[in-house]
Amino acid sequence: MTMSSLMPPTTQGPRGLKAAQLAAVTSMLALSNEADNKTSGGGGGGSSAYGQQQQQSSQRDTNPWKLLIYDTHTRSIISPLLSVSQLRSNGVTLHLLLNSDRESIPDVPAVYFVQPTQDNLSIIARDCSRNLYERAHLHFSTRIDRPVMEEFARLVVNTGGLNNVASVHDQFVDFVCLENNLFSLNVPNSYCVYNNPGATETDMEVAMGNIAQGLFSVVATTGYVPIIRCPRGGAPEMVARKLCRLIVEHPTLIRSSNSSSNTKKGVGGGGGRPNNMSSHHHRPVLVIMDRNMDLITPVQHASTYQALVDDVLDHKANRVEFNVKQDTSSDNTAGRGGRKPPPVVRKKLDIDPDVDPFYSQHKFNPFPEAIESNGVELQDVTAKEQQIRSRTGGGGVGGGSGAVVAAPGGGESSELATAVESLPVLLDRKKKLEVHTSILQAVMNEVAARDVPQFYELETSLATGSYKNDPGKAKKEVIELAADPSKGNVNDKVRLVIVYALSNGVGNTSDIDEVAQAMKESLETKGSTISANADGSGGAAEGAGGGGTHGTLTKEDRTRLESGLRAIDYLKKLRSMQMIPTMSDMMQTEVSGGTGGTSSGSDMLSSFMARATNQATGLLAKATDKLGTMLGKTHKHRSTIAVENICEMRPNTEDDEYLYLDPRVKGDVDVAALRNAARAPVREAIAFMIGGGCYGEYQNLQMVANERRSVTYGSTEIVDPCTFLNHLSKLAD
């Protein structure tokens, strides 16, 4: 049995965090590495937490077939990294949950990838004692504590399963990497956990320690020791100091970071970081922040493609789900006067932001721009496809082969053959664009039915202080929108009231009570024409076809209203105790480049509307002139301002106020003293939010990124606005 040591990955290719984690997982699945390590003496430099990445051809030749056993937590780690077909290409014939009923397959080795919990170790020991598989290769997502390891060793010895254990490894990959620059520690209900007034000091120590362990996995996976910055006091400082201590306790990581910085010139230079990241002068800066510094961002309506997908659709772990009404116009039974509504089909689509070219390019774009780009690209691909088919006689690729053979040796024939060979690639691109067309249609349904742009525009004005000099107008406009039964669902209105309550200079406690009461009375007496889906997010399909009705609230919507009012009460309490800042004086507005204005938004939508055959034309027409408000001005959120000030080293900002911790230096670093010395520019920033993050914040932080600096965003969990509302409501109970 071998025990691995902590060493940095030797990843070739993209230097993004996701690529580094993928290298660790694929190395874990390559059992041939372990066989070589055992031959050469085991757990030294060869068998690391990440392993050494072999050549792909070598892996295909030597990778033995095996089973993969994981728990629910590690399944969420693997899911964004490897598809079923990719697992199979890595030799995984079957992947099963640890706590499921599993049959014995004694002639096949098993790779266990689980959390090092007592329950998981007991199940593994039982499997080994039963000789369930040929050999068991144990990989833990994070460090296994020595007492737990010793207890497990006693257990496998006493049950006679020791000979079945081939190796034990601490992987240090205990985070979910959704994109190259986006990760989560996958801690459910994290805001509730860290803000629970009933939590003991021991509970908080354990919770902050777990966050530090998760961040240590991120640091270990990248192999670079960061500079740690955080506000003084509270959860961020607790996590920062625990993380700093963990790094110091693993000198191998620091030594390897020094070595790799000085010797690995240009390692992975083609990836997500600038080439000069190889210099030790350009260490990443990790900024740890608390969700309470900005509670508007997680509930505010969004304007960009990816953030809107997460807001209005069912979106989790890069999978999008939504309902689509089937077109029954061609059905012979449709014209018999029946009133049966069209059947609704649930669509499930996987989109990888790092692989999908359209999504990668347009996920941060304003929604109307994404619509326009999809239409232009789809039209271009369709035109090229038709051109190729017409040149091959109109019979597709098969019909084209005769045309190519008809003139052997000619230059035109060679060009035609090349065009025909490119057709499968073209069709694949068209298929991916059509996937986004259907997603854009689903988002458009929600945006139009719920008047999302109107909520977005008003919330942005409140958050950026546009009403500071006219609080009466702010209250009036919020009441008008929140009390209008034709606009938004219950959660939309609650989110608007929360933004009003957290904005500075627009209302006191009595004003907030008045606005909340007006919303409540309107919903109870007039109802809502838009009823939210089961998860609280959607409702366009129901709203367009007669979901909510005037004068009534569904049972589910009444529950959402009560939950929303509790969330508002909780935030009022925090505001009265001055435990959270108001936001408008902490946000900056700037005009983004490119198009802007209502007419531009209308032009962008015109081509898309013509193709939206599965949508209600009236809703689209109603939304056309409104989507222009999603273009033009954007504002920097609180976290973006803090990270930018630190990256730019601006005096009298967070760069002076935040703690400066360097694991290579004993004690705290005095930033004031550093101002007299030359400081290396920040080439990589990692912004981490304790208490939950969101796609809107992730997108906003990219305003700090440029061609010389990358920004990675992480949080304890990624939550959509409705989920965060539920978290706020729970704390009010």
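This is a predicted model: local features need pLDDT of at least 70, side-chain atom pairs count only at pLDDT 80 or more; totals for chains, interfaces and linings use all residues.

What pLDDT does the chain average, and what share of the residues score at least 70?

Modeller: Residues are numbered from 1 along each chain as its sequence is written, and side-chain values use heavy atoms, with hydrogens and water left out.

The average pLDDT (the predictor's confidence in each residue, from 0 to 100) is 80 for the chain, and 75% of the residues score at least 70. The value is below 50 over residues 35–61, a stretch that has 51 contacts in the model beyond near neighbours in sequence; a contact means heavy atoms within 4.5 Å. Residues 541–550 also fall below 50, and this stretch has 17 such contacts.

The chain has 29 helices and 18 strands; these are DSSP runs numbered from the N terminus, with helices (H or I) of at least four residues and strands (E) of at least two. Of its 733 residues, 54% are buried, where buried means under 20% relative accessible area, exposed over 50% and partly exposed in between, with a 1.4 Å probe and protein chains only.

Strand 18 covers residues 710–715. Six of its six residues are buried, so the strand is largely enclosed by the rest of the structure. Both of its faces are covered: one side carries Ser710, Thr712 and Gly714, and the other carries Val711, Tyr713 and Ser715.

Strands of a sheet pair through backbone hydrogen bonds, either parallel or antiparallel. Here two strands count as paired if DSSP finds at least two bridges between them.

Strand 8 (residues 182–184) pairs with strand 18 in the parallel sense over three bridges, and Ser715 is the bridge partner of Ser184. Strand 17 (residues 684–690) also runs parallel to strand 18, and six bridges join the two; there, Phe688 has Gly714 as its bridge partner.

Rings of Phe, Tyr and Trp (its six-membered ring) pair if their centres lie within 6.5 Å; planes under 30 degrees apart count as stacked, over 60 as edge-to-face and the rest as tilted. Ten aromatic pairs are counted by this rule. In the pair of Tyr698 and Tyr713, the ring centres are 6.1 Å apart and the planes are at 15°, so the pair is stacked. Tyr698 lies in helix 28 (residues 695–701) and Tyr713 in strand 18, so the pair ties together parts that are 15 residues apart in sequence. Both Tyr698 and Tyr713 are buried. Together with Phe364 and Tyr695, these two tyrosines form one aromatic cluster.
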